[in-house]
Amino acid sequence: MAEITITPLGAGQDVGRSCILVTIGGKNIMLDCGMHMGFNDDRRFPDFTFITREGRLTEHLDCIIISHFHLDHCGALPYMSEMVGYDGPIYMTHPTKAICPILLEDFRKITVDRKGETNFFTSEMIKSCMKKVKAVNLHEVIQVDDELEIKAYYAGHVLGAAMFHVRVGQQSLVYTGDYNMTPDRHLGAAWIDKCRPDLLITESTYATTIRESKRCRERDFLKKVHDCVEKGGKVLIPVFALGRAQELCILLESYWERMNLNIPIYFSLGLTEKANHYYKLFISWTSQKIKNTFVQRNMFEFKHIKPFDRAYIENPGPMVVFATPGMLHAGLSLQVFKKWAPHEQNMVIMPGYCVAGTVGHKILNGVKRLEMENKQHIDVKLSVQYMSFSAHADAKGIMQLISWCEPKNVMLVHGEAAKMDFLKNKIQTEFGIDCYKPANGETVTIETQHNIPVDISLSLLKREASFTGLKTPDPKKQRVLHGALVMRGNKLQLIDPDQALRDLGIKEHNLRFTSTLYVDEDGASEKLAEKIYMLAKEKIPDQPSQYSSDGSVSVSDVMITVSGEDDDTKSVLVTWSHQDEDLGSELMDIMKNELPVIVD
């Protein structure tokens, strides 16, 4: 019996950050290394003392796997590698490796340069951290060491997001990170093999939600935006730099073109250019529609969407502004919100999930007066709308992924406790497998059982086929296969006993069992033998039976000989080898039931 142990340092009944420590087959792996966006002190980083209380982390971890570039999944990486100390390999996809340092540097500027915070990583630390990264391709098997291997699968969600299949010997797990089972305008749907892992660790952000159709959501979004700007209002859409931003930009661009609108739409300065660059560079990661039309037209080059300057905040008249970051916890989006919030004709549309503690989370929960860090108060009079364009799997998508990859156990992370309870019960009821939802800092141990793989020699299979005759064996019915189990190199093989004897230079000894029945039957012995042959064919049709000219009967390797005078009691001698003990006993029972056997 083997074990997998899992300790969430973040994401356990928590959507604030993802950071999960896993021990599988004696290997210690960290899955994601995120920063909590709802805290401005040391609580923003995971508590690495769960790994070790002193010294560097390198000796205690075999590798780190980063699922995608969102800061709640990678934001603590430079802090961990450069300030706590880790020099081992860090794995992520090529797009994640390209975009991750840009978002880390943007956030560092906001936190350190503008807010003046200390105990934070520097630009040099980000560069040093990224030098330790090894980029992986989709479906490429990466051999981390002699025993540990990982494989990335497409996750949708954002550009470069991946699910990872981790294998150590016979044990395996799948970590989803964030994923989306529904394709959208710029990314495809998540996909994974039917890999049947011991454990599936899946996000559960929308554990109880089944979203309405995407077309209805888009129509509602466009109507709300159009109605607001038509009445002279301003619309703020807080987004992260890559992901939902591109999805909604494509949607508004096509609507503005169709409706011939000239109201300005702005996007945070510089981010549009960066986004376009990476979508061109990693076009193979986008949706099929974008790949098909990319040669004729780049859908990320917008006619109606222009770069935004901070001076535009005070401009009169209607406008639509996409600003980062997406949860209104800092940066340009928060600055714009502070200016526009006191005016009733304006609107803020929150297109995704907001972590507890952020301004976005507070206004979605109906807070009408906000106290900011500098004791400044803001009256929230603008219209607050929540429209889920989040690229996370909903409850239906999570259940779909479980049915795809057929895990033996499921663990829910990156969700809210009450909602996780609902989904946990649903999984256990529908799939009949164990489901776990550990809290941060709680360790769960899952026992795993494995069959030992054995290669079977071709000669043994041929011998088995000859015994079954022309009839195809039932694949659902278990069969007993007799052979010699030998170890060759580091593999077990089941081979023909004759081959094993020859290889070992051992002389064969045959051991046969014999039993005699006395049957009160008149007539010639050959007549009784023929009767026994017909009984064997009728009662055991899956075993080859033969009737010889000397009056003997063979059923597979069981021999039956009848002797006695015509008018006397006949003796029926039955012999079998130890391999055919079950068949020999079955034939004895048939004759006792069907023939007039004399019982002593």
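**Close-up views of a predicted model**

Aspartate 522 sits in the loop that runs between S26 and helix H15 (525-539).

**View 1. A patch of negative charge on the surface includes aspartate 522.** The members of the patch are Asp520, Asp522, Glu565, Asp567 and Asp568. Is aspartate 522 buried or exposed? Aspartate 522 has a relative accessible area of 55%, and the cut-off for exposed is over 50%, so aspartate 522 counts as exposed.

**View 2. Aspartate 557 and arginine 512 form a salt bridge.** The distance from N to O between the two side chains is 3.7 Å. Aspartate 557 is placed in the loop between strand S28 (553-555) and strand S29 (558-563), while arginine 512 belongs to strand S26 (residues 512-519). The two residues are 45 residues apart, and their pairing links distant parts of the chain. Aspartate 557 is partly exposed, at 32% relative accessible area. Arginine 512 is also partly exposed, at 36%.

**View 3. Glutamate 147 pairs with lysine 27.** Side chains of opposite charge can pair when their charged atoms come close. Here the salt bridge has an N to O distance of 3.4 Å. Which parts of the chain does the pair link? Glutamate 147 lies in the loop between strand S7 (141-143) and strand S8 (148-154), and lysine 27 lies in strand S3 (residues 27-31). These are distant parts of the chain, with the partners 120 residues apart. Lysine 27 has a relative accessible area of 12% and is therefore buried, since buried means under 20%. Glutamate 147, with 46%, is partly exposed.

**View 4. Glutamate 257 and lysine 303 meet in a salt bridge.** Their side chains come to 3.5 Å, N to O. Glutamate 257 is part of helix H6 (residues 244-259), and lysine 303 is in the loop between helix H8 (288-293) and strand S14 (305-308). The pair links distant parts of the chain, 46 residues apart. Lysine 303 is exposed, with 53% relative accessible area, whereas glutamate 257 is partly exposed, with 43%.

View 5. For the structure as a whole, the number of salt bridges is 23.

**View 6. Aspartate 32 makes polar contacts with two side chains.** Aspartate 32 is found in the loop between S3 and strand S4 (63-65). With a relative accessible area of 0%, aspartate 32 is buried. Which side chains does aspartate 32 contact? One is the side chain of histidine 73, at 2.7 Å. Another is the side chain of tyrosine 175, at 2.5 Å.

**View 7. Serine 552 contacts aspartate 550.** A polar contact of 2.8 Å connects the two side chains. Serine 552 is located in the loop between strand S27 (545-547) and S28. Serine 552 is buried, having 9% relative accessibility.

**View 8. Helix H14 has a cap at its N-terminal end.** What caps helix H14 (residues 497-504)? The capping residue is aspartate 496, with a side-chain oxygen 2.9 Å from the backbone nitrogen of aspartate 498. After H14 comes glycine 505, which has a positive phi near 70 degrees.

**View 9. Histidine 157 has a positive phi.** The angle is about 60 degrees, although histidine 157 is not a glycine. Histidine 157 is in the loop between S8 and strand S9 (162-168). At 3% relative accessibility, histidine 157 is buried.

**View 10. Arginine 196 has a positive phi.** Arginine 196 is not a glycine, yet its phi is about 50 degrees. Its place is the loop between strand S10 (171-175) and strand S11 (199-203). Arginine 196 is partly exposed, with a relative accessible area of 44%.

View 11. Where is proline 325? Proline 325 lies in the loop between strand S15 (319-323) and helix H9 (331-340).

Notes: Residues numbered from 1 in each chain as written. Predicted model: local features only at pLDDT ≥ 70, side-chain atom pairs only at ≥ 80, totals over all residues. Heavy atoms only, no water. Salt bridge = Lys/Arg side-chain N within 4 Å of Asp/Glu carboxyl O. Helix = DSSP H or I, 4+ residues; strand = E, 2+ residues; numbered from the N terminus. Buried < 20%, exposed > 50% of the residue type's maximum accessible area, 1.4 Å probe, protein only. Polar contact = N/O pair within 3.5 Å; in protein donor to acceptor, adjacent residues only side chain to side chain. Patch = residues over 30% accessible without salt bridge, like charges linked within 9 Å, V, L, I, M, F, W, Y side chains within 5 Å. Areas by Shrake-Rupley, 256 points an atom, 1.4 Å probe, with all protein chains shown as cover. Lys, Arg positive; Asp, Glu negative; His and termini not counted. Charge placed at Lys NZ, Arg CZ, Asp CG, Glu CD.
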